[in-house]
Amino acid sequence: MAATETINEVIEVERAGDIALIRIDNPPVNAAGLKVREGLVAAIDALEADMEVKAIGLYAAGRTFVAGADIREFGKPPVEPWLPDVVNRIEGCAKPVVVALHGTALGGGFEVALAAHYRVGAPGLRVGLPEVNLGIIPGAGGTQRAPRLAGMRMALDMITSGRHVPAQEALEAGLIDEIREGEPREIALAAARDALAGRIETRRTGQIAAERDEAALDEYRERMAKQAPLLFSPHKCVDAVEGATMPIAEGMAHERALFRECQDSPQRAGLVHAFFAERAVAKFPEKDAEPRDLQKIGVIGGGTMGSGIATACLLAGYAVTLVEVSPDALERGLATVTKNLDGAVKRGKLDAAGREATLARLDSATQIEALGEADLVIEAVFEDMGVKKEIFAKLDATLAPGAIMATNTSYLDVNEIAAATSRPEAVLGLHFFSPAHVMKLVEIVVADRTAPEAVATGFALAKKLKKIGVRSGVCDGFIGNRIMQHYRKAADYMLLDGAHFEQVDRALEDFGFAMGPFRVSDLAGLDIGWTYRKRHADTRPEEERYVRIADRICEEGMFGRKTGRGFYLYGEGESGPNPAAEAIVESERAAAGVTPRSFSDEEVVARYMTAMITEAARVVEEGIAQRPIDVDAVLLFGYGFPRFRGGPLHYADQLGLAEVIRRIETYAQEDAHYWQVPGLLRRLAAEGKSFAELNP
């Protein structure tokens, strides 16, 4: 037989005397797709039958070992050989099988490694079983073999969290057997020779007895009940690991049954949709344009948003100049940036030397003229159109040709801002979310005359900042805030009509939101919404039912957490609903002539979600969002929408569009101005289609 044999297009076998090396080469991440599975089984079968081969080394080409499943197979019927059969075939091989791991070995890739008889990691390796993040459990022996090697506590930790375990920790836990320097092929070859010579001890993981750890099982059941009460798969992870004390065949059958339960859960579909949403948003119409090379970034405004944006840019390696109008304001902004970086050190994201190097890239000024050499400037001052237009006119006169001007406005018309310059093609919106150095979402707002290169630069910046960029058209509030204003009205209407704000918050938190809308308003500051409503007072339709409760609370100087009073109390030793806010609610009901009625928690969720879906459909219909999945991404990554529900338009598909329309029409009997069926929603329902069919 030839020294090198091609099994199929992704699996190759090389002979080196009595050692055989199996190479996986399925770029970009060697995903465990059908061809990989078929090729591995065929290679093991052939090498086991070859009397000249005494030991087998397995490794992968490229930058990583097998980094998980093939996402192209998600949602499709499984095709044999299934991964459990592949890993069992590897473990059952009569000849020693050693594996060299580099980059990442995740999910099914790590399950392949666990089935080998000896595992060698290269420096920098990270291993993990992150299936819980997709609403499932490891389904190819991960919950059975990891406890046998590392004990139940370690297995529970990594499987319920989905975290990536560094090589040294994996070694200390027993998940890998050693760490060696070198290229994957050389590591695999040397380890196979060592196994053949008896210098290392190989063993079949499935034959190791796992000890039952009752304390760990109880601890993680209690932890999952507290941390993930609404989620399905974390609890099944614990159940699966408990089965590791069974013989391996029985344990894997137990694992497979639990895996199928997770597969059938709506949560799995929602989490997979969220997974794809994060990737789908990178496909935007201008993606083939060449982004500008960014070295120096200017940030105008040193408040909470500006300092957060400056921090994010510094952490990404950019040189940043922070501009404020006065020395005092500038000093406060610089102090906030420094505090943010200190927080990064405390969280282990940055060491002391890195902090100093990062701060060395920060410059400051009180004049816009200091930004003359900036490649991109992000304006992050307060929401006043006159102020923003003045700033952009100055930027236009200051920046070099080709420089890009971005506004962090949350609501204002980017077209009007761009018109204040002589180069509107260089203007776009970059709407960060607070705190900007932490939150993952950036809405990239494309004005009528924004050049494709500017859009591409915005997306390139978001990627460099490790954020999720979503393309939005221009309208009041763009994608997220526009939708939020609509569904927030639904909460206000329920409050006026008889629901208690604490009940509304609790019902939506039970649905999966981290915080209900009234708690969120208190956290953000009630004065922000008040300012918005005052700005729009002249354009409010006469027929609109306007709820003054939040305005009245603000008029009393109660702005939420920042003042210790809002809908809730936040003073020392104080908590719970604010009696003054409750009195205002009662007063406003009386003024509006409302006879309060009760709302069930189910109705609270139904009205809130129906309002969200309704406005989300309009945003897609008007082309503000390119596709439904873009809306889902914005709500998932910027507004705390429960990830396991996939986003509002995915949730609409789960409900059924006919049911959504029925709800809108039912609620419209009370308030026809507010509850109106979008044309897109009615068309899709009439054609028997879903929002998912509008996605790529």
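**Ring pairs, packing and backbone**

Modeller: In this model F513 is buried, and so is Y608, where buried means under 20% relative accessible area, exposed over 50% and partly exposed in between, with a 1.4 Å probe and protein chains only. The model is predicted, so local features need pLDDT of at least 70 and side-chain atom pairs count only at pLDDT 80 or more, while totals for chains, interfaces and linings use all residues. Residues are numbered from 1 along each chain as its sequence is written, and side-chain values use heavy atoms, with hydrogens and water left out.

Colleague: How many aromatic pairs does the rule give?

Modeller: The count comes to 17 aromatic pairs, the rule being that rings of Phe, Tyr and Trp (its six-membered ring) pair if their centres lie within 6.5 Å, with planes under 30 degrees apart counted as stacked, over 60 as edge-to-face and the rest as tilted.

Colleague: Why is the pair of Y493 and Y674 called edge-to-face?

Modeller: The ring centres of Y493 and Y674 are 5.1 Å apart and the planes stand at 85°, so the pair is edge-to-face. Y493 belongs to helix α17 (residues 480-497) and Y674 to the loop between α26 (657-667) and α27 (679-686), so that distant parts of the chain, 181 residues apart, are linked; helices (H or I, at least four residues) and strands (E, at least two) are DSSP runs, numbered from the N terminus. Y493 has a relative accessible area of 6% and is therefore buried, and Y674, at 5%, is buried too.

Colleague: What makes F513 and Y608 an edge-to-face pair?

Modeller: Their ring centres lie 6.0 Å apart and their planes are at 85°, so the pair of F513 and Y608 is edge-to-face. F513 is in the loop between α18 (501-511) and α19 (517-524), whereas Y608 is in helix α23 (residues 601-621), so the pair ties together parts that are 95 residues apart in sequence. Ring pairs also link these two with Y487, F511, F641 and Y651 into a cluster.

Colleague: Where does R607 lie relative to Y667?

Modeller: R607 lies over the face of Y667, at 4.3 Å from the ring centre, and a charge sits over a ring if NZ of Lys or CZ of Arg is within 6 Å of the ring centre and within 35 degrees of the ring normal. R279 likewise lies over the face of F275, at 3.6 Å from the ring centre.

Colleague: Why is α23 called roughly perpendicular to α26?

Modeller: The two helices pack at an angle of about 110°, with their axes 10 Å apart, and that makes α23 roughly perpendicular to α26, since angles of 65 to 115 degrees count as roughly perpendicular, under 35 as roughly parallel, over 145 as roughly antiparallel and the rest as oblique. The contact is made by A606, R607, T610, I613 and T614 of α23 and by V660, R663, I664 and Y667 of α26, contact meaning heavy atoms within 4.5 Å.

Colleague: How do you know that R589 counts as buried?

Modeller: R589 has a relative accessibility of 7% and therefore counts as buried. R589 sits in helix α22 (residues 579-592), and, leaving aside neighbours within four places in sequence, its contacts are L495, L496, G498, A499, V594 and P596.

Colleague: What makes β13 and β18 edge strands?

Modeller: The open sheet of eight strands has the order β13-β12-β11-β14-β15-β16-β17-β18, with mixed pairing, and β13 (362-365) and β18 (468-472) each pair on one side only; two strands pair if DSSP finds at least two bridges between them. Strand β12 (residues 319-323) runs parallel to β13 and is joined to it by four bridges, with D363 in β13 as the bridge partner of T321.

Colleague: Why does A360 count as exposed?

Modeller: A360 has a relative accessibility of 65%, so it counts as exposed; its place is in helix α13 (residues 352-360).

Colleague: Which backbone value stands out at F478?

Modeller: F478 has a positive phi of about 60° although it is not a glycine, and, at a relative accessible area of 0%, F478 is buried. K466 also has a positive phi of about 60° without being a glycine, but K466 counts as exposed because its relative accessibility is 74%.

Note on methods
Axes fitted to C-alpha atoms, helices over the stretch in contact; angles between N-to-C directions.
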